[in-house]
Amino acid sequence: MPGFFFVMSESVPPQTSIPPGIHCARDYELLARGRIVAPTLAYIAGGSGEDRTLAANRAAFDAWAIHPRLLRELGQGHVRTRVGDEEWSHPLMLAPVAFQRLVHPAAETESARAAAATDTCIVASTLSSASLEDIARAAGPRRWFQLYLQPGREATLDLLHRAEAAGYGAIVLTLDAAIQLPSRRALRAGFRMPADCTPANLCTHAPVAMPVPPAGASRIFQGAMAAAPTWADLDWLLQHTRLPVWVKGVLHPDDAVALRDRGAAGLVVSNHGGRGLDGAPASLQVLPAIRAAVGDACPLLLDGGIRSGTDAFKAIALGADAVLVGRLQVYALAVAGALGVAHMIRLLHEELEACMAQAGCATLADVRRAHLGPALPVTRHARTDEDTDADLD
Ligand SMILES: Cc1cc2nc3c(=O)[nH]c(=O)nc-3n(C[C@H](O)[C@H](O)[C@H](O)COP(=O)(O)O)c2cc1C
C-alpha cells in the first residue's frame with residue numbers, strides 16, 4: 001500500500017498571533033520551514049553554488065566558545081549603543097531582504113512595523129516588493145535605504161532623491177552582487193519569481209537594456225560586468241547625496257581601508273548571506289582582520305548567519321558595532337507577520353542580554369575578544385531540529 005505523503009502546493013498564510021512552541025529566535029527558522037512552499041524556501045534559504053559559504057557562516061559562529069565570568073556588578077547593564085552618528089537602544093538591525101511579498105502579502109511594510117515597535121533600524125532593499133515610501137511610512141525613525149546602483153544614473157539619482165525625501169537616514173550601497181549566479185538549490189527546486197514580486201521601487205524607470213556582448217566575447221566580462229560599479233561610481237555617489245553612505249559586502253581588509261579612506265561612513269562585513277562567491281570566507285571569520293585594518297573609529301556592521309543573541313555577542317566581541325538579521329527576518333515574517341518579526345527581535349535582544357550577563361558584561365563596550373576562546377567540536381545528540389537543520393544551512 002502506498003504511504004501517505006503530502007506536498008505543500010502553497011505556503012501557509014502568516015498567523016496573526018505568535019504560535020506556541022517558539023522558545024528562541026531560531027525557532028522561527030524551524031517553524032517557517034513547514035509553512036513556506038518548497039521552491040520559495042529553497043530560494044530564500046539557499047546560498048550560491050554548493051552552499052559552501054552559507055555553511056561557513058554558521059560554522060564560524062560555532063567555532064567560538066564564550067567564557068562565563070562571575071561576581072560582576074551588572075545591575076546597571078544595558079545594550080544601548082552608538083552606530084555612526086546615531087544612538088540606538090540595541091545593536092540588532094533588519095538586513096535588506098528583497099521580494100518579501102514571497103512570504104507575506106504586506107511584504108516589507110510588516111517588517112517595517114516590527115522595526116518601529118522594537119526601535120530597530122530597518123534597511124529597506126532597492127528590490128523590495130513594497131515601495132520605499134510605503135516602507136518609510138510604516139517604519140520608525142530608524143530607517144536606512146539599501147541601494148543597488150542602476151544601469152542608468154538618472155534611475156540611481158531618482159532612488160537617492162526618493163530615499164532622502166522619505167526620511168531615510170543613510171544609504172547602504174551593496175557592492176557584492178554585481179554578478180550573482182542563480183542559486184542551484186532554487187534552480188533544482190524549480191523556483192520562479194512570481195509576477196507580483198516585481199520590485200516596486202524600479203517601476204518608474206524603463207529598464208535599461210544590458211549591453212549585448214559582441215559575438216565571441218565573454219557573457220561575464222563584456223556582458224554582466226560591463227555595467228558593474230567601479231571606484232568612479234562610488235565617488236559619483238558620494239558627491240550626489242547628503243546622506244552618509246555605508247558600503248555592504250566588504251570581505252577584504254584592503255578594500256575596507258580603501259573604502260574608509262574614500263569617504264564611506266561605515267562598512268558592512270558581509271558575503272550576502274552566502275549568496276555571492278561560493279567559497280568566500282564566512283563574514284565572522286574575516287571580521288577581526290577588518291577591524292584591525294580600519295581601526296576602532298570606523299563603524300563596522302556584520303551579517304551572515306546570525307540566528308541567536310550569542311551569535312550577536314560573538315560578532316560584537318570580534319569587532320562589530322551591530323549586526324543585521326537577514327533570513328531570520330523573512331522566516332518570522334512568514335510565520336506571524338509584523339508580530340513575528342517583532343517577537344523574533346525581542347527574543348534576540350533578550351538572548352543577547354542573557355549572554356552578556358552570563359559573560360559578566362554590563363555594556364556592549366565590555367564585550368571583548370577576551371571573552372571568546374576556541375570551541376571544541378561537539379558531537380551533536382539526536383535533536384530533531386538540529387539534525388534536520390543540515391539541509392537548511
Ligand atoms: C532572500 C534574500 C534576499 C536578499 N536581498 C538582498 C538585497 O536586496 N540587498 C542586499 O544588499 N542584500 C540582500 N540579501 C542579503 C542580506 O541583506 C544579508 O546580507 C544576508 O541575508 C545575511 O545573512 P543571513 O540571512 O544568514 O542573516 C538578501 C538575502 C536573502 C536571503
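This is a predicted model: local features need pLDDT of at least 70, side-chain atom pairs count only at pLDDT 80 or more; totals for chains, interfaces and linings use all residues.

Reader: How do β4 and β11 pair, then, and over how many bridges?
Author: They pair in the parallel sense, over three bridges. Strand β4 covers residues 92-94. Strand β11 covers residues 322-325.

Reader: What about β10 and β11, parallel or antiparallel?
Author: Parallel, again with three bridges. Leucine 301 has alanine 322 of β11 as its bridge partner.

Reader: Are the residues of β11 buried or exposed?
Author: Buried, on both faces. Ala322 and Leu324 lie on one side, Val323 and Val325 on the other.

Reader: What do the strands build as a set?
Author: A barrel. Eight strands close it, in the order β4-β5-β6-β7-β8-β9-β10-β11, with parallel pairing. Ignoring direction, neighbouring strands are turned by 30° against each other on average.

Reader: Which helix packs on that sheet?
Author: Helix α11, residues 283-294. It touches β8, β9 and β10. The direction of α11 makes about 170° with that of β10.

Reader: How many bridges join β8 to β9?
Author: Four, and the two strands run parallel. Tryptophan 246 stands opposite glycine 266 in β9.

Reader: On to helices. At what angle do α4 and α13 pack?
Author: About 15°, with their axes 7 Å apart. Angles under 35 degrees count as roughly parallel, so α4 and α13 are roughly parallel to each other. Their crossing is left-handed.

Reader: Which residues make the contact?
Author: From α4, Glu110, Ser111, Arg113, Ala114 and Ala117. From α13 there are several, including Leu333, Gly337 and Val341. By class, the contact has seven nonpolar, three polar and two charged residues.

Reader: And where do α12 and α13 stand, at what crossing angle?
Author: Roughly 60°, and the axes come within 7 Å. That angle makes α12 oblique to α13. The crossing of this pair is right-handed.

Reader: Which residues of α12 are in that contact?
Author: Gly309, Thr310, Ala312 and Phe313. Among their partners on α13 are Leu348, Glu351 and Cys355.

Reader: How do the residues of that contact divide by class?
Author: Seven are nonpolar, two are polar and two are charged.

Definitions and conventions: Residues are numbered from 1 along each chain as its sequence is written. Axes are lines fitted to C-alpha atoms, for helices over the stretch in contact, and angles run from 0 to 180 degrees between N-to-C directions. Angles under 35 degrees count as roughly parallel, over 145 as roughly antiparallel, 65 to 115 as roughly perpendicular and the rest as oblique. A crossing is left-handed if the near helix is turned anticlockwise from the far one by less than a right angle, and right-handed if clockwise. Two residues are in contact if their C-beta atoms, placed from the backbone, lie within 7 Å. Ala, Val, Leu, Ile, Met, Phe, Trp, Tyr, Cys and Pro count as nonpolar, Asp, Glu, Lys and Arg as charged, and the others, Gly among them, as polar. Two strands pair if DSSP finds at least two bridges between them. A residue is buried if 20 or more other C-beta atoms lie within 10 Å of its own, exposed if 12 or fewer, and partly exposed in between; C-beta atoms are placed from the backbone.
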